[in-house]
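Here is a colleague's note to read alongside the structure. Please keep the view open as you go through the points.

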Amino acid sequence: MIKEIDMRDLMSQQSAEAQLEHLAARAADMSRHLPDAHEIRVRNMNPMTGSPATLISAHASPGSGTLIEQALNHVRTMSSVLGFTPQEVPEFVPDPHIQTTSAGTSIVHLHQHYHGVPIFQMVRAVRFTRQGAVKDVVGDNVQIPGNFETVPSLGVKDAMRALQGFIAPADVTDELSRTDQWGEPYPVSLADMSSYEPEVIATFPLPCRPTILAKGPFGDCPRASLVTFYQGPQMRLGWDFMVTLPEHQGQYEIIVAADAEAPGEILYSQDCTSHMEAQGNVYLVNGDSERQMVRFPRPLTDYPVPLPEDLPETFPGDWVAESQTAGNSTIARLGDSPVTLNGEVNGEVVTFNPSDPFGDDQKLLNIFYYCCYMHDFFYLLGFDERAGNFQEINLTGLGFGGDSVDALAHSGTVPGTANMLTPDDGMNPTMNMGLVTGTNRHTAFSADVVYHEFVHGVTNRFVGGRMNTRALSEPQSRGMGEGWSDYFALTVQNFFRDEEVVTIGTWVVDNANGIRGLPYNDEFPDHFGNIGTGRYGRACGPLGDQVCVHSIGEIWCATLMSMNRRFVEHFGRERGYNAGWRIVADGLRLTRANPSFLDARDGILDALDDLLDTGRLSAADHQAARRAAWQTFAGYGMGPNARSLGASLLGIEADFGVPSD
Ligand SMILES: [Zn+2]
């Protein structure tokens with residue numbers, strides 16, 4: 001943690017009354033010269049700068065030109081009422097993005113500058129009525145002394161050294177004993193910062209001198225640019241740094257004085273990661289257990305996957321953007337209505353705690369929880385922004401955003417009970433969860449079901465690339481789609497269980513056999529050679545003419561779960577599960593579009609070889625894993641001489657031989 005500092009005197013304007021009278025007189029004078037009935041009025045004052053906090057425009061007519069031009073014109077015309085001297089021409093830089101509210105009010109934001117250098121926090125918003133007439137001006141601006149110097153007397157590297165001394169002081173013992181609002185200790189690893197030698201890697205020829213420094217031990221390259229800092233009543237020049245700390249410890253804006261007055265002084269320091277801390281009372285497994293109040297997002301230690309080295313500092317993103325079951329990865333809604341669940345905001349924490357443990361609110365909350373958990377789990381396994389994951393905003397700039405999961409919890413039943421539709425990257429997948437009437441249990445309360453459906457989204461994006469939605473449409477490919485979904489849904493939960501669960505959906509249908517024909521244990525009797533026959537053929541669906549994708553998937557899931565068991569025997573639980581997940585997830589990407597079981601088998605084996613080639617698996621471990629994988633595939637009829645006609649149900653030939661090498 002870094003100390004927060006703010007050297008501004010926020011109440012510096014001592015003679016507010018006199019100043020208000022003075023500006024009110026100017027406003028009255030100005031009103032006499034304005035066209036039509038346009039009249040302006042100072043409503044209140046900013047206590048630091050002595051400029052109007054709100055300058056109301058009554059009876060203004062819509063002007064000509066763009067709203068940005070009108071906004072700039074307006075603040076120039078009003079400059080004397082805004083506190084500028086008659087000689088001063090206020091310098092405002094507009095934000096090109098005009099905001100509009102649902103009621104039709106348009107807002108233009110103008111940032112005050114001085115000789116091209118932005119003035120810290122001095123921003124005006126000009127608001128327009130629906131008809132395009134100026135309504136008022138809010139915000140703040142400040143008058144700058146004419147002789148203010150914008151050439152720094154401290155270079156950016158020296159400013160960085162001052163910053164280092166500030167964030168990595170020799171004595172951090174009192175930091176060590178503090179805990180955050182969740183009772184977790186703050187991480188302290190700022191020692192590396194003191195040895196960093198600043199190096200400029202890019203600078204831009206603008207008055208504010210934007211500069212990028214070498215990354216060093218920081219989480220990202222530090223950036224700096226000049227800023228004028230109104231301290232009230234005096235003006236300072238500083239380097240405005242944005243630094244990202246390592247290990248997700250936050251991002252700070254720190255202003256280091258660069259003027260002759262006190263070069264190196266820390267003028268301002270603030271954590272600018274805005275966290276919407278959230279927690280929710282959810283069923284972790286299914287509606288049979290007690291709900292538990294858990295923190296959103298789950299801490300990274302709660303995921304069974306080791307953290308990848310290239311994990312961006314932005315991960316894990318907040319699950320909740322404001323105070324609803326809506327965030328960057330998932331928007332949970334009730335049925336087809338736009339209704340999301342509102343949490344209760346207390347300070348900076350939003351809490352979701354539905355009063356009815358089985359009501360609609362709980363359905364929304366639980367579907368939201370499961371989807372967000374899956375988003376973060378698969379991110380760690382490589383289903384990130386580049387891979388086409390489901391996010392509204394892609395913070396790394398890779399892949400397409402605009403495609404958070406639209407998760408619909410239906411109050412009652414819904415056709416298909418539970419499903420997931422996954423279009424190309426950049427378009428929102430839709431998840432539907434409904435009630436199982438036979439048991440009166442809801443699929444939104446079943447991790448088995450929600451996880452299964454979520455994994456359909458992952459495999460659809462992974463196999464054949466993020467822009468091919470038809471990459472799992474052949475009979476064997478579709479069957480594996482079901483198998484992968486069952487495999488991940490079960491193993492992600494089994495990792496934390498003392499006893500392995502080998503049936504899926506047991507709670508929601510209230511049946512120990514779950515929703516599949518056979519349990520996924522080592523007694524699973526069928527194999528690749530059965531595909532195309534009996535319950536693994538084309539006798540499913542209401543008319544008995546559809547490919548039996550779920551039972552074909554059973555053969556695939558049984559194979560993968562068996563391989564997982566062999567890995568756990570060899571590597572132990574943590575490494576075993578992770579080896580399985582890693583090569584299955586990587587294998588999805590290495591596989592051709594519309595793979596057969598044998599193509600997918602080869603993808604998994606290739607992914608295993610990649611672990612050896614990249615040094616993530618030793619030669620001995622690789623050999624053992626490869627043997628275990630081949631023994632499993634061969635045990636399920638997918639030995640090296642197995643055959644089929646593409647990914648169809650035809651030409652299926654099993655082979656139970658294990659390769660000798
Ligand atoms: Zn499915």
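**Notes on the model**

1. Two strands are said to pair if DSSP finds at least two bridges between them. Helices (H or I, at least four residues) and strands (E, at least two) are DSSP runs, numbered from the N terminus.

2. A word on what you are viewing. This is a predicted model, in which local features need pLDDT of at least 70 and side-chain atom pairs count only at pLDDT 80 or more, while totals for chains, interfaces and linings use all residues. Residues are numbered from 1 along each chain as its sequence is written, and side-chain values use heavy atoms, with hydrogens and water left out.

3. Which strands stand at the edges of this sheet? The sheet is open, with four strands in the order 16-15-19-18 and mixed pairing. Strand 16 (292–296) and strand 18 (344–346) are at the edges; each has a single partner strand, so one side of each has no neighbour in the sheet. From one strand to the next, the twist averages 25°. Axes here are lines fitted to C-alpha atoms, for helices over the stretch in contact, and angles run from 0 to 180 degrees between N-to-C directions.

4. Next, follow strand 19 (residues 349–352), which pairs with strand 18 in the antiparallel sense over three bridges. Glu344 stands opposite Thr351 of strand 19. The hairpin of strand 18 and strand 19 has two residues between the strands, and Gly347 takes a positive phi near 65° there.

5. Strand 19 is covered on both faces: Val349 and Thr351 on one side, and Val350 and Phe352 on the other, are all buried. Buried means under 20% relative accessible area, exposed means over 50%, and partly exposed lies in between (1.4 Å probe, protein chains only). Helix 5 (residues 360–380) packs on the sheet, where it touches strand 15 (277–282), strand 16 and strand 19. The direction of helix 5 makes about 115° with that of strand 15. Contact means heavy atoms within 4.5 Å.

6. Now for the salt bridges, of which the structure holds 23. The term stands for a side-chain nitrogen of Lys or Arg within 4 Å of a carboxyl oxygen of Asp or Glu. In one of them, Asp136 joins Arg127, with the closest N and O atoms 2.9 Å apart. Asp136 counts as buried at 9% relative accessibility, whereas Arg127 counts as partly exposed at 29%.

7. What does the salt bridge of Asp486 with Arg516 tie together? The closest N and O atoms of this pair are 2.7 Å apart. Asp486 lies in helix 7 (residues 475–494) and Arg516 in the loop between helix 8 (506–509) and helix 9 (549–571), so the pair ties together parts that are 30 residues apart in sequence. Both Asp486 and Arg516 are buried.

8. Arg565 and Asp522 form another salt bridge, their closest N and O atoms being 2.6 Å apart. Because Arg565 belongs to helix 9 and Asp522 to the loop between helix 8 and helix 9, this pair ties together parts 43 residues apart in sequence. Arg565 is buried, with a relative accessible area of 14%, while Asp522 is partly exposed at 40% relative accessibility. A network of salt bridges links Glu500, Asp522, Arg565, Arg566 and Glu569.

9. Is helix 9 largely enclosed or left open? Of its 23 residues, 18 are buried, so helix 9 is largely enclosed by the rest of the structure. The end C-alpha atoms of helix 9 are 32 Å apart, which agrees with the 33 Å that its 23 residues should span at 1.5 Å a residue. The expected span is 1.5 Å times one less than the number of residues. Just after helix 9, Gly572 takes a positive phi of about 90°.

10. Finally, step back to the whole protein, with its twelve helices and 24 strands. The domain assignment, automatic or from a database, gives domain 1 (16–139), domain 2 (156–271), domain 3 (280–471) and domain 4 (473–661). Taken over C-alpha atoms, the centres of domain 2 and domain 4 are 51 Å apart. Buried residues make up 53% of the 661 residues.
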